[in-house]
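Me: I would like a close look at one part of this protein: its nonpolar core and what surrounds it. Please take me through it step by step.

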Amino acid sequence: MPSATAAPLDAVRSVRTHPADGGALLRAEQRVDADQLYLRAHFPGEAVYPGVFLLDTLQQAAAGTVPDARIARVISLRCLAPLAGGAEFVLEATTRPMGGGCTEVTGSYLRADGVCAARIRAELGPPLPEADPVRPPRTAGTAGPEPARLRELLPHGWPMLLVDQVIHLEPGKRLTALKAVTAAEPCYRNVPRAAAAEEYDYPFSLLLESFGQSAAVLWRTAAREQEDTGIPMFVAARDARQYFPVRPGDVVTHEVVLEHVSTGSALAHGTSHVSGRAVAGWRSLMAVSRPPRQVLPAAAARPGQSQEERS
């Protein structure tokens, strides 16, 4: 079900809706296609559905039911189990109109084996410009790692590598990174020539991923994490809001603060700006570091794998 708006991938294979208590029940099916461009570049060599793309599944599933299905706020998103290449899963969600053009959605992502892969509570609708977070002050720091070093710190490849430059770094404390948005990015491939301006809104999922990658760079440059060879994986977000849309031509500045680090996990918060104006606020993001062999569950099937090969 290709999206006519900017989107990193076709995130829903089929969807059914039923009216319920003034809102609707959604049931959307999806299969993790290892050949999707962004998936091939997420963890090269291993297809894992990025947690942020669960937002695209939600948005595309709600598009035919909710008047404005843009992600305005992620109240909470918790990733509980990986979705490997070839895995099938279902989003079961309920929608509730909130007024002012906003809709609240609560749902669960269930794998075909019955495991709950994630839970979400979000608000769909226009951006929420009622707040303007203050940029955290920069103190003594250095320029960030060179592009080659960024590629060492992050496992992602093009077009999933969403950090262009780090311009300020205080290892283990805070970081300022840049991401330039261009109309040549694959997420705009299905946007028609005569599309309205809002159809070019940069996907919330990619904006969140870009901020999360910036946070991962900060975490992995901390002295105590330099020997960590695991893969950084996004696992949770709380109170992530978009205040203004981001469109081609914008250069996003991410201001990241590392809030807490423990063995194998980190917590960060911050804001994203374009030309000095806050476009998004990130109250809390959590990531974990996992050895590559643990990224895919032992029982997950590779695409084309038979039942006999799985057992």
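Reply: Start with a cut-off. A residue is buried when its relative accessible area is under 20%, and exposed when that area is over 50%. Keep in mind that this is a predicted model.

Now apply the cut-off. Tyr49 has 5% relative accessibility, so Tyr49 counts as buried. Phe53 has a relative accessible area of 0%, so Phe53 is buried too.

These two residues also form a pair. Their ring centres are 6.3 Å apart and their planes meet at 80°, so the pair is edge-to-face. The structure has seven aromatic pairs. Tyr49 and Phe53 also belong to one aromatic cluster, together with Tyr38, Phe89 and Tyr109.

Next, the core itself. The largest nonpolar core holds 76 residues. Tyr49, Phe53, Leu58, Tyr109, Tyr202 and Trp282 have the most contacts inside it. Helix α4 gives the most to this core, with ten residues.

Of its 17 residues, 16 are buried, so the rest of the structure largely encloses the helix.

Leaving out residues up to four places away in sequence, Tyr202 touches Leu162, Lys179, Val181, Glu185, Cys187, Tyr188, Leu207 and Val246.

Cys187 leads us to Thr5. Setting aside neighbours within four places in sequence, Thr5 is in contact with Cys187, Val191 and Glu199. Thr5 lies in the segment before strand β1. Its relative accessibility is 28%, so Thr5 counts as partly exposed. Thr5 and Pro192 are 187 residues apart along the chain, yet their C-alpha atoms are separated by 8.4 Å.

Now the strands. Strand β3 spans residues 71–79 and runs antiparallel to β6, residues 116–124, with seven bridges joining them. Arg78 stands opposite Arg119 of β6. β3 also runs antiparallel to β9, residues 231–242, through five bridges. Here Val74 stands opposite Ala240 of β9.

The charged end of Arg277 sits over the ring of Phe244, 3.8 Å from the ring's centre.

Methods
Residues are numbered from 1 along each chain as its sequence is written. This is a predicted model: local features need pLDDT of at least 70, side-chain atom pairs count only at pLDDT 80 or more; totals for chains, interfaces and linings use all residues. Side-chain values use heavy atoms; hydrogens and water are left out. Buried means under 20% relative accessible area, exposed over 50%, partly exposed in between (1.4 Å probe, protein chains only). Helices (H or I, at least four residues) and strands (E, at least two) are DSSP runs, numbered from the N terminus. Contact means heavy atoms within 4.5 Å. A nonpolar core is a set of buried Ala, Val, Leu, Ile, Met, Phe, Trp, Tyr and Cys residues joined through side-chain atoms within 4.5 Å. Two strands pair if DSSP finds at least two bridges between them. Rings of Phe, Tyr and Trp (its six-membered ring) pair if their centres lie within 6.5 Å; planes under 30 degrees apart count as stacked, over 60 as edge-to-face and the rest as tilted. A charge sits over a ring if NZ of Lys or CZ of Arg is within 6 Å of the ring centre and within 35 degrees of the ring normal.
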